[in-house]
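Subject: A structure for you to look through

Hi,

Here is the structure I promised to hand over. Have a look at it first, and then read my notes below.

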Amino acid sequence: MLAFFSALALSSIKLLPSQEKSFISWMRRNNNYYNGDEYHFRLGIFLANQKYVQEHNSNPNKSFKLEMNNLAVLTPSEYKLLLGFKPNLSQNRFKKLTIKSIKNDEVELDWRTKGAVNPIKDQGNCGACWAFSALQSCESAEFLKYNTLYSLSEQSLVDCVTTNYGCNGGSTGNAIEYIINFWGGKVMLEDDYPYKAARDYCLYDKAKAVGHITSYVEVESGSETDLAAKCAQYGPVSICIDATKASFQLYSGGIYDEPHCNIFMIDHGVGLVGYGSEGDIAYWIVRNSWGTSWGEEGYIRM
C-alpha cells in the first residue's frame with residue numbers, strides 16, 4: 001500500500017525548492033494541475049513515492065526500475081479502482097474446453113512481432129481491466145484464425161455484461177462466456193462503440209458486431225509450463241495477476257520480480273503476449289491497459 005502525507009503534516013515540513021520544482025515539472029508532464037489543499041495533499045503523496053522510487057532504484061540487486069509515472073500521486077483507494085478483476089462471479093462455464101497442450105520447445109515467443117496484438121489501450125479511471133484482458137485474447141484469436149485484427153469495443157462489455165460490474169470490476173471468464181452465450185461470439189468494433197471509461201446504457205447492435213468466438217480453453221491450474229504451451233499454441237492469453245504493490249504501480253522497466261506478490265491477491269486482468277529470457281532470467285511479456293506512459297511502453301516483463 002502506498003504511504004502518503006497529509007496537507008497538515010506537510011505544513012510542518014520545510015520543503016526544498018527542488019522538491020516543489022520536481023512536483024511542478026511532474027504536473028506539467030502529466031497535464032495534471034492541483035491548487036490549494038489538493039496541491040499540498042498530492043505533493044505529499046508525490047514526495048513519499050519519490051523517496052520510495054529513489055531507494056528502490058539505488059539498490060543494485062533489483063532487476064527492475066521504478067519511476068514517477070502518471071499514477072504517482074494516487075492514493076491507495078484511487079489506485080485500487082484500476083484493479084477490477086473479480087474471480088468466480090458465475091458458475092455458467094459450459095463453453096469451456098479442456099484440451100491438453102501440445103509439446104512446446106520454443107524458448108522465446110512474442111506475438112507482437114507476428115502482428116497478432118493491437119496497440120496498447122488505456123482503461124482510464126475505470127476498473128474495467130477484465131474487459132481489456134478478455135478482448136485482447138479474442139482479438140488475437142480472430143487474427144490467428146481469420147487474419148483480421150479487429151479492435152473490439154471494451155465499452156460494450158462495460159455497459160452490457162450483466163454478470164460483471166462495469167467499472168467496479170468483473171471476471172474475464174464471465175465476459176468471454178457472455179460474448180459466446182448472448183452475442184453469438186460477435187462483438188462490436190471500438191470505432192462503432194467507443195470507450196469512455198464509465199458505465200452507461202447497453203447499446204449493443206448485433207448488425208454491427210463481428211467475430212467468431214465459440215469457446216475458450218483454460219490453462220492447467222498452477223502450471224507455468226502449460227501456460228507457455230497454450231500461449232504458443234493458441235496465441236495471447238487472458239491472465240490475471242497481483243498488481244497491489246506500489247512497485248507495480250510505479251514500474252518503469254526491467255524484469256519485474258516482487259518478492260511480496262501474493263497468489264491469493266489476484267486483482268488485475270492483463271494479457272500474456274509471449275515470453276523470453278535475459279541472461280539466466282526467464283520472463284513473461286505482459287500487456288497492460290494503462291496507456292503507453294506506464295512501464296515499457298505499456299508492457300511489463302515479469
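Let me begin with a question: does Arg 42 count as buried or exposed? Arg 42 counts as buried, because its relative accessibility is 8%. Here, buried means under 20% relative accessible area, exposed means over 50%, and partly exposed is in between, with a 1.4 Å probe and protein chains only.

Before going on, please keep in mind that this is a predicted model, in which local features need pLDDT of at least 70 and side-chain atom pairs count only at pLDDT 80 or more, while totals for chains, interfaces and linings use all residues. Residues are numbered from 1 along each chain as its sequence is written, and side-chain values use heavy atoms, with hydrogens and water left out.

**The whole chain**

The chain has nine helices and eleven strands. These are DSSP runs numbered from the N terminus: helices are H or I with at least four residues, and strands are E with at least two. Of the 302 residues in the chain, 49% are buried. If you look at contacts between residues at least 6 apart in sequence, 72% of them join residues at least 24 apart. A contact means heavy atoms within 4.5 Å.

Leaving out residues up to four places away in sequence, Arg 42 touches Phe 23, Tyr 34, Val 73, Leu 74, Thr 75 and Glu 78.

Two packed helices are described by the angle between their axes and the distance between the axes. For helix α2 (residues 17-30) and α3, the angle is about 105° and the axes are 10 Å apart. The axes are lines fitted to C-alpha atoms, for helices over the stretch in contact, and the angles run from 0 to 180 degrees between N-to-C directions. α2 and α3 are therefore roughly perpendicular to each other. The cut-offs are these: under 35 degrees is roughly parallel, over 145 is roughly antiparallel, 65 to 115 is roughly perpendicular, and the rest is oblique.

On the α2 side, the contact is made by Gln 19, Glu 20, Ser 22, Phe 23, Ile 24, Trp 26 and Met 27, and on the α3 side by Tyr 39, Arg 42, Leu 43, Phe 46, Leu 47 and Gln 50. These residues divide into eight nonpolar, three polar and two charged. Ala, Val, Leu, Ile, Met, Phe, Trp, Tyr, Cys and Pro count as nonpolar, Asp, Glu, Lys and Arg as charged, and the others, Gly among them, as polar.

How enclosed is α7 by the rest of the structure? It is largely enclosed, because ten of its twelve residues are buried. Among the buried ones are Gly 173, Asn 174, Glu 177, Tyr 178 and Trp 183. They pack against α5, α6 (154-160), β4 (187-188), β6 (216-217) and β7 (237-241).

The axes of α5 (residues 129-146) and α7 (residues 172-183) come within 8 Å and cross at roughly 55°, so the two helices are oblique to each other. In this contact, Trp 130, Ser 133, Ala 134, Leu 135, Ser 137 and Cys 138 of α5 meet Thr 172, Ala 175, Ile 176 and Ile 179 of α7. By class, that gives seven nonpolar, three polar and no charged residues.

**Helix α8**

In helix α8 (residues 224-234), the buried residues are Asp 226, Leu 227, Ala 228, Ala 229, Lys 230, Cys 231 and Ala 232. What covers them includes β3 (109-110), β6, β7, β9 and β10 (281-287). Just after α8 comes Gly 235, with a positive phi of about 105°.

**A few loop residues**

Asn 147 is not a glycine, yet it has a positive phi of about 60°. Asn 147 lies in the loop between α5 and α6 and counts as exposed, at 61% relative accessibility. Ala 197 also has a positive phi, near 60°. Ala 197 is in the loop between β4 and β5 (209-210) and counts as partly exposed, at 24% relative accessibility.

Lastly, His 260 is in the loop between β8 (251-254) and β9 (268-278). His 260 is exposed, with a relative accessible area of 56%. Not counting residues up to four places away in sequence, it touches Asp 242 and Lys 245.

Happy exploring!
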